[in-house]
Amino acid sequence: MHSSTRAAAGCLLSLVPTSSIALATEGSTPCPPLMERPCDGSAGGAGGSVGEGTLCSCGTGQWIRTEPRARLEPPQPTAEDRNIHESLVSWNSSLRATAQPDMAMASVNVRGRSHFWAAGSFSRSSSANYVSSRRELWSGGFPACPRLLGLAATGGATLHISASTAARRGCSAFASSATAGMCSSLGAASASIDGLTIAGSVGFNESTEEFEIAGNFGPLVEIATESLDGSLSLSSSWSTEGQGSHSGSASVAVRPDRQYCAFTNRPYVAWATGLAVAGGAGSVDQNGSASWSSMALVNLSVQ
């Protein structure tokens with residue numbers, strides 16, 4: 001995982017080890033303009049040995065790696081804690097947001113209470129996102145020298161929500177969290193999260209004297225995509241006379257086969273982007289209370 005200090009350093013240069021270049025220049029046959037010998041003998045493979053029978057003559061030069069400054073929002077981690085009094089209703093909120101070149105996290109925690117039978121409502125949200133990239137290009141005489149190149153998509157996402165209310169008329173709470181992102185490079189070294197979202201609400205129905213619950217508060221079920229594996233709280237709705245407090249979660253991770261490995265002179269660009277959003281809203285009345293929290297984290301990158 002890159003640190004924000006590394007991103008702030010601007011463009012970084014990295015050279016392929018000279019031994020790789022010297023080995024490639026020993027052959028008598030010129031290297032092809034685009035040479036690729038996968039690690040397992042098939043395109044985009046991983047594991048096994050490479051390089052045997054691939055000696056060829058290449059131009060003089062070197063591989064140069066550049067890493068532009070990542071775009072981060074917020075540019076610095078933010079933290080906000082507020083105590084708000086609206087008439088006879090009090091709200092306590094805590095917001096957090098942070099973005100790094102390969103990670104974004106946002107969270108919200110809110111508690112509200114009615115005093116002297118007063119009614120009120122409140123909503124808060126937090127978000128963070130990042131866009132980062134790096135590239136490796138040949139500088140010098142062509143054809144470019146082949147080198148052993150390994151890339152892998154890594155990371156995943158974690159979501160959590162909770163909502164709770166007192167058994168009082170006009171008390172409700174809603175929480176939601178969402179992530180989205182993508183990382184991409186050569187071959188199978190890529191992964192995407194397409195709008196992973198969980199949300200749920202809890203409210204007290206005075207006429208039935210029951211809690212109305214709806215959203216991702218059910219048991220965990222397995223989810224899978226082309227590049228991800230994980231679990232998600234099932235979405236459902238029901239009424240209950242029991243507890244007015246519920247929580248849900250989701251978690252996904254990049255599959256370990258999202259890799260590229262080859263003895264190659266192909267240049268590459270690796271980039272990653274991620275968005276995390278957390279939010280919620282609630283209302284209180286009749287000396288009741290409500291609280292909710294949400295958290296979203298995404299950390300996709302190509303290593």
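This short talk walks through the aromatic pairs, the nonpolar cores and the strand pairing of one structure.

Let me start with the ground rules: this is a predicted model, in which local features need pLDDT of at least 70 and side-chain atom pairs count only at pLDDT 80 or more, while totals for chains, interfaces and linings use all residues. Residues are numbered from 1 along each chain as its sequence is written, and side-chain values use heavy atoms, with hydrogens and water left out.

I will begin with the rings. Searching the whole structure gives four aromatic pairs, where rings of Phe, Tyr and Trp (its six-membered ring) pair if their centres lie within 6.5 Å, and where planes under 30 degrees apart count as stacked, over 60 as edge-to-face and the rest as tilted. One of them is the stacked pair of Trp 91 and Phe 122, at 5.2 Å centre to centre with 15 degrees between the planes. This pair links distant parts of the chain, since Trp 91 belongs to strand β5 (residues 89-100) and Phe 122 to strand β7 (residues 120-140), 31 residues apart; strands here are DSSP runs of E with at least two residues, numbered from the N terminus.

Trp 91 and Trp 292 return in the largest nonpolar core, which has 56 residues, and in which they are listed with Leu 151, Ile 193 and Val 298 as having the most contacts; a nonpolar core is a set of buried Ala, Val, Leu, Ile, Met, Phe, Trp, Tyr and Cys residues joined through side-chain atoms within 4.5 Å. A second, separate core of nine residues includes Cys 31, Cys 58, Trp 63 and Phe 263. Over the ring of Trp 63 sits the charged end of Arg 147, 3.7 Å from the ring centre, the criterion being NZ of Lys or CZ of Arg within 6 Å of the ring centre and within 35 degrees of the ring normal.

Now to the strands, and to β7 in particular. Which strands pair with β7? Strand β2 (residues 61-66) pairs with β7 in the antiparallel sense over six bridges, strand β3 (residues 71-73) runs antiparallel to β7 with three bridges, and strand β18 (residues 268-284) is joined to β7, again antiparallel, by 17 bridges; two strands pair if DSSP finds at least two bridges between them. As individual bridge partners, Arg 65 has Glu 136 in β7, Glu 73 has Asn 129 in β7, and Ser 121 has Ser 283 in β18.

I close with the open sheet of four strands, antiparallel in the order β1-β17-β8-β20. Its edge strands are β1 (36-38) and β20 (301-302), each pairing on one side only. Strand β1 meets strand β17 (residues 259-264) over three antiparallel bridges, and there Arg 37 stands opposite Phe 263 in β17, a residue that we met in the second core.

Definitions and conventions
Buried means under 20% relative accessible area, exposed over 50%, partly exposed in between (1.4 Å probe, protein chains only).
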